[in-house]
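Please look through the sequence and the structure shown here before reading on. The report that follows takes up rings and charges, and then a pair of strands.

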Amino acid sequence: MRGRNGGTTTPDPVELAQRHPAEVAELLHRLPEREAVSLLRELYKVRAAADSLEEMDPDEAADLLEELPEDEATIIISRMEPDDAVDVLEEFPRAEVDEILRHLEAMDRTKARTLRELLKYPPDTAGGLMSPEYVALPAHITAQEAIERLRRVAEEAETVYYVYVVDEAGRLLGVLSLRDLVFARPDTPIREIMRPEVVTLSPEMSADEVARAFDKYGYLAFPVVDKRGKLLGIVTMDDILDAVILRDTEDMYKMVNVPREERVDTPWYESLRMRLPWLYINLATAFLAASVVGAFEGVIAKISALAIFMPVIAGQGGNAGMQTVTIVTRGIALGEVPPGKGFPILAKEVLLGLLNGLAVGVVVGAVAFAWKHNPYLGLVAFLAMVGNMVIAGLVGASIPLGLRALGLDPALASSVLLTTFTDTLGFFFLLGLGYLFRGVL
């Protein structure tokens, strides 16, 4: 079996099973789909498929599983960690998810019920990120009994960095560190050595809020509890890291209007299908800017020097606007811009646009004057730069704030929306001022 570019033969599945699953996942990613599916079926026979798929992007893992017989796909999902299995299932159509869960119920009713519960939460929330595999012990047992139970359940838990103490109803009472447990007297009830002050997450918290909690407290895991305080699961550092990387990648793709499904090894015809619609949208906005230029065709014909400064004015406005878009979008993602508090940011960016416009406009105006020895041409270039930089600050802040107010992803504040304004208005300012000063230019 050879890779996409030919060359070395892929290793034997038994040998692959001894490797780290991340290495196998990388191999599956590089192979053409038909060969990847064939290798996955061989890995399934040696019980190594689930671990490898856990290391892949959920959409890629789902694509491979869809090519397997349903019974094999179901068994692989049953062997995956619940939170990873849910991530993959969310990439399937709802009807297929229901069918897989029905098959899984016949094999492992508990696992099927767990996955159904996790699927109730949106994927970008604490509930969607959490794992139900944690260590929870009743408050009345002793330290020695707790250590004995830990030995029995350690392999099944997501992490044993923290041991959670619960009451008879499953409500979280406190957290127990392994250090405190090891050094406690064997007959000490764990309620006496637990820490009752526990930072918890609600299942509705967004992934951004969860990430901020990890950044603030520096913990390796957080418990997720419902409104009654019942322990539902835990979110670990690797869970939120995966989510943040995926979100940032999606945001980066959205900023340049590239579908997140595309990869460097995506077939050219698929890339064409995904990119071309956005290029048509770009083309439409470019014609909008061109229509402004066309309206001032007579001015350009008489004052050709204005054409030299058109890309300068529009380009600087676009660059400044993207700076603003990036800063404001990041601030929204990090929770630095509470809803309803966008006006001070808007005012700041408009002021920055004015100051940047004055600073850059002086240079552009001086160049225009030195080139043609016409102070009015320098004044037109200066005023056009100031006007477009102010617009860039205003629009660059308004787009992400406005999208958030509409309940949309602020990352959609892409170059298409921004450059439509900066190009169109940049041309309008320059050529409109040129028309007003046409008698002295």
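## A charge over a ring

Arginine 438 lies over the face of tyrosine 435, at 4.0 Å from the ring centre, where a charge sits over a ring if NZ of Lys or CZ of Arg is within 6 Å of the ring centre and within 35 degrees of the ring normal. Lysine 372 is placed over the face of tryptophan 371, at 4.5 Å from the ring centre.

## Basis of the model

This is a predicted model, in which local features need pLDDT of at least 70 and side-chain atom pairs count only at pLDDT 80 or more, while totals for chains, interfaces and linings use all residues. Residues are numbered from 1 along each chain as its sequence is written, and side-chain values use heavy atoms, with hydrogens and water left out.

## Aromatic pairs

The whole structure holds 9 aromatic pairs, counted when rings of Phe, Tyr and Trp (its six-membered ring) have centres within 6.5 Å, with planes under 30 degrees apart called stacked, over 60 edge-to-face and the rest tilted. Tyrosine 217 and tyrosine 219 form a stacked pair, 5.7 Å centre to centre with 20 degrees between the planes.

## Strands S2 and S3

Strand S2 (residues 162-166) runs antiparallel to S3 and is joined to it by 5 bridges; strands are DSSP runs (E, at least two residues), numbered from the N terminus, and two of them pair if DSSP finds at least two bridges between them. Valine 166 stands opposite leucine 172 in S3.

Of the 6 residues of S3 (residues 172-177), 5 are buried, so the strand is largely enclosed by the rest of the structure; buried means under 20% relative accessible area (1.4 Å probe, protein chains only).

Note on methods. Buried means under 20% relative accessible area, exposed over 50%, partly exposed in between (1.4 Å probe, protein chains only). Helices (H or I, at least four residues) and strands (E, at least two) are DSSP runs, numbered from the N terminus.
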